[in-house]
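I opened the model to look up its links, its pocket and its backbone. My entries follow in the order of the looking.

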Amino acid sequence: MIKRIIAICILSAAVVSCKKETAVSEVKPVNDSIAKTESKEDQYKPIDTACSSANKTEDYITSLQWYRTKIEKEMAANSPEQNDRVYEDYLKIRGKYTGCLMNLHTDVLDKYVNYYNSEKDQYNFPDNVKKIASELKKAGLEFREVGEGMTEIWTIPGYYSSLFKNKVTPDYEAYISQTDKESETNYAADAGLIISWEQLGNRLIFWENFMNKYPESKLIKTVKQDYNYYLSDYLLGMDNTPTYEREQDKGTGKLNDENRAEFNRMIKKYPNSNTAKKAKEVMILFDAQTPVDQIDERINGER
């Protein structure tokens with residue numbers, strides 16, 4: 001009797017064990033399925049930043065979107081200093097992908113200005129261009145006419161501020177905010193300044209204040225370089241928008257009235273700024289009938 005009871009217990013245990021194994025066996029495939037799904041998502045790799053004719057617009061856009069999602073997650077756990085580096089790296093990646101997109105759509109960029117109907121003051125884009133523009137928008141990109149019949153692909157204004165605001169150090173936040181504002185309109189086109197002289201003067205003061213406020217910033221080299229280019233344009237102008245009229249026979253020049261007025265505004269409003277000091281120096285040089293080439297060398301040679 002005892003043997004029979006033991007046998008029954010052993011049999012019962014085996015049945016229970018079998019049921020447990022069956023239950024585990026039935027559940028396991030579900031877990032495996034979920035694991036495989038997650039793995040598939042995690043295994044996505046963005047395409048190489050080296051351009052390839054095998055890649056399509058959608059490939060670059062998907063990769064750009066992937067990178068944005070990736071850094072958003074990273075920045076949530078990072079320090080502001082770490083996010084400064086994230087910004088620098090992200091800027092390079094977007095620049096490379098954007099360059100690839102421009103190479104991919106050279107034909108569209110070459111024809112873009114021709115889609116403009118001057119009589120109706122509007123663009124008439126074919127469906128394929130509309131589709132590309134729609135794809136670009138998903139990654140914060142757009143077509144931008146830059147002058148001389150040329151069109152490029154640019155990051156939309158405000159894009160970087162929306163992504164990095166309150167996540168980077170104060171100097172980077174100020175830099176990103178200002179460069180976003182400056183990208184709202186073209187600076188120059190066809191070798192001529194587009195923004196007003198006063199707007200250019202205000203940009204100079206912003207960047208001068210930036211350099212004074214953040215002398216140890218990692219951005220100083222870039223900011224100083226941009227400031228010097230702006231300063232040269234502000235003082236002497238560009239080929240098609242010079243600040244003076246050249247007197248060919250003498251090699252000298254006469255400052256335009258509007259530029260002299262702008263220089264005086266700068267000197268009055270920001271008397272202690274480097275920009276004001278340079279404006280005063282240029283006025284003195286022109287008034288002294290100094291040859292234009294010498295003025296140019298003096299200003300641009302000090303970069």
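I began with burial: I call a residue buried under 20% relative accessible area, exposed over 50% and partly exposed in between, using a 1.4 Å probe and protein chains only. The model is predicted, so I took local features at pLDDT of at least 70 and side-chain atom pairs only at pLDDT 80 or more, while totals for chains, interfaces and linings use all residues. Residues are numbered from 1 along each chain as its sequence is written, and side-chain values use heavy atoms, with hydrogens and water left out.

**Disulfide**

I looked for pairs of cysteine sulfur atoms within 2.5 Å, which is what I count as a disulfide. The search gave one disulfide. C51 and C100 form it, with sulfur atoms 2.1 Å apart. I read -95° about the S-S bond, so I noted the link of C51 and C100 as left-handed.

Next I placed the two ends. C51 lies in the loop between α1 (2-42) and α2 (57-77), and C100 in helix α3 (residues 80-104), so the pair ties together parts that are 49 residues apart in sequence. C51 is partly exposed, at 44%.

**Two loop residues**

I turned to N55, which is also in the loop between α1 and α2. N55 has 14% relative accessibility and counts as buried. I counted a contact as heavy atoms within 4.5 Å. Leaving aside neighbours within four places in sequence, N55 is in contact with I47, Y60 and L104. With Y60 there is a polar contact of 3.3 Å between the side chains. For a polar contact I required a pair of N or O atoms within 3.5 Å; within protein, one must be able to donate a hydrogen and the other to accept it, and residues adjacent in sequence count only if both atoms are side-chain atoms.

P271 sits in the loop between α10 (257-269) and α11 (274-287). P271 is partly exposed at 47% relative accessibility. Not counting residues up to four places away in sequence, P271 touches M266 and A276.

**Salt bridges**

I set the rule as a side-chain nitrogen of Lys or Arg within 4 Å of a carboxyl oxygen of Asp or Glu. How many salt bridges does the structure hold? I found twelve. Three I wrote down in detail.

- R85 pairs with D89, the closest N and O atoms being 3.5 Å apart. Both are in helix α3, four residues apart, so about one helical turn separates R85 from D89. D89 is partly exposed at 31% relative accessibility.
- E142 pairs with R144, with the closest N and O atoms 3.4 Å apart. E142 is partly exposed at 25%, whereas R144 is buried at 9%.
- D293 pairs with R246, and here the closest N and O atoms are 3.7 Å apart. D293 lies in helix α12 (residues 292-300) and R246 in strand β9 (residues 244-247), so this pair ties together parts that are 47 residues apart in sequence. D293 is exposed at 53%; R246 is partly exposed at 34%.

I also noted that salt bridges with shared partners join E198, E262 and R265 into one network.

**Largest pocket**

I searched on a 1 Å grid over the protein atoms alone; a pocket is an open set of points where a 1.4 Å probe fits, with protein on both sides within 12 Å along at least five of seven lines, and lining residues have an atom within 4 Å of a point. Grid points are joined across faces, edges and corners, and the volume is the space filled by probe spheres set on the points. The largest pocket holds about 740 Å³. It is lined by 27 residues, of which W154, T179, E182, S183 and Y230 are the closest to its centre.

Which element gives the most to this lining? It is α3, with five residues. Elements that each supply at least two residues include β3 (141-147), β4 (150-155), α7 (170-182), α8 (197-213) and α9 (220-236).

**Positive phi**

Most residues other than glycine have a negative phi. I noted two residues against that. E148, in the loop between β3 and β4, has a phi near 55° and is exposed at 56%. D190, in the loop between β5 (188-189) and β6 (192-193), also has a phi near 55°. D190 is partly exposed, with a relative accessible area of 38%.
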